[in-house]
Amino acid sequence: MAKKWISNVPIHQLIFNDKGQNDWFNGCLAFLMECLGEDNAYDYWFFSGVTGDSFTQLYSEDPHTMALCYSHNLPPDAITQALNACGYTYNYYENIGSMPETQQQELKRRIRDSIDQNIPVIARVNDSFHSYAVICGYDEANFYCILGEDGAPKPYLYDALLFIGNKKPRPSLAQAYRQAVLRIPQLLRLPQRAGYSFNKQAFTHWAQSIQSGAFDRYGDGDPIWRTHPVPSFTCWNMHGTYLCMLGTHACAIGFLQQALRLNPDMTFLKKLIPLYEKLHLDGFHTLVQMEGGFSLPPSVLKDKTRMLPVCNVILRLASYYDQIEEIFAQG
């Protein structure tokens, strides 16, 4: 059987790291919208805001569990917000490997039918990050996915699938931005759950984990220090991933600026935007230059004296959330 590909849109990479696009689910959604012929306003930056990714810092309480972003680690809510904002129904299936064989075969049939209609399917695949990807082709033996910055599809196994459904009433673009902004206080107050803390608490726990000596039990040669595919990125699960999240979420600034352009009555955003600039731009650039940044050595991370200035910056960033909440309270 020859490979069958979607043919209405050229297959291309989904995200561009050099543009600060690190949350792969949002790139998958943007590609899906492109294939559906939707307005190009439904792009990576739109979905990074409406999913809540741009406004939600995570911290994993277990250093063996990698935290990447809200949509990656806690997908159900992010998926619902995204598809409501662009006006589509959907079906989402998880733990596919544990389903009866008949159900797995039915899902494979649905994937092929979707590709035949030039509609890709979003999947979570078996790479090192358990990444979101887009299934854009198939043959008799495999399904082919485009992943992140990959330029060409490759065969992958998957354990979750998202099928786009029918159109439904959707908010205008201005309403979608307004709703996403007004949801920020709800995201700020997310309680600790499923082994994760959020926003102010996430920053606080990040700093406290370093100062408490929580990682002293791991020898410098333990594999836990080197969980990122880039060998030079060390201490990823303890520090690097939170730096990455902090920098990635600088796209909140552009989202808020667009929200203000579309909703000029939301004048409080003029006060909010500078806080996000301090949090995500100034904060990231300060931390990434301290003690090695993404290449922080394990021995240094475990040195509480050397890491104290780093932790003080992290705690200062946590304090911005009080100011953000105050702006929303004032209206």
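Student: Why does D222 count as partly exposed?

Tutor: Take the cut-offs: buried is under 20% relative accessible area, exposed is over 50%, and partly exposed is what falls in between (1.4 Å probe, protein chains only). D222 has 27% relative accessibility, so it counts as partly exposed. One thing before we go on: this is a predicted model, where local features need pLDDT of at least 70 and side-chain atom pairs count only at pLDDT 80 or more, while totals for chains, interfaces and linings use all residues. Residues are numbered from 1 along each chain as its sequence is written, and side-chain values use heavy atoms, with hydrogens and water left out.

Student: Where is D222 found?

Tutor: In the loop between α8 and α9. Those names come from DSSP runs numbered from the N terminus: helices are H or I runs of at least four residues, strands are E runs of at least two. The C-alpha atom of D222 is separated by 9.5 Å from that of P298, although the two are 76 residues apart along the chain.

Student: C235 lies in the loop between α8 (199-211) and α9 (236-248). What makes C235 count as buried?

Tutor: Its relative accessibility is 0%, so C235 is buried. C235 also has a positive phi of about 55 degrees, although it is not a glycine.

Student: What is the phi of H130?

Tutor: About 55 degrees, positive, and H130 is not a glycine. H130 sits in the loop between β4 (121-125) and β5 (132-138). With a relative accessible area of 30%, H130 is partly exposed.

Student: And S209: why does that one count as buried?

Tutor: S209 has 8% relative accessibility, so it goes down as buried. Its place is in helix α8. Setting aside neighbours within four places in sequence, S209 is in contact (heavy atoms within 4.5 Å) with Y59, A214 and F215.

Student: How do you know that the span of helix α1 agrees with what it should be?

Tutor: The expected span is 1.5 Å times one less than the number of residues. For the 12 residues of α1 (residues 24-35) that should give 16 Å, and the end C-alpha atoms are 17 Å apart, so the two agree.

Student: What makes α1 mostly covered?

Tutor: Of its 12 residues, 10 are buried, including F25, L29 and F31. After α1 comes G37, with a positive phi near 75 degrees.

Student: Why are α6 and α10 called oblique to each other?

Tutor: Under 35 degrees is roughly parallel, over 145 roughly antiparallel, 65 to 115 roughly perpendicular, and the rest oblique. Axes are lines fitted to C-alpha atoms, for helices over the stretch in contact, with angles from 0 to 180 degrees between N-to-C directions. The axes of α6 (residues 173-182) and α10 (residues 251-262) come within 9 Å and cross at roughly 130 degrees, so this pair is oblique. Among the residues making the contact are Y177 of α6 and F255 of α10.

Student: What makes α11 roughly antiparallel to α13?

Tutor: The axes of α11 (residues 269-288) and α13 (residues 304-330) cross at roughly 170 degrees and come within 10 Å. That is an angle over 145, so α11 is roughly antiparallel to α13. Their contact includes L275 of α11 and I324 of α13.
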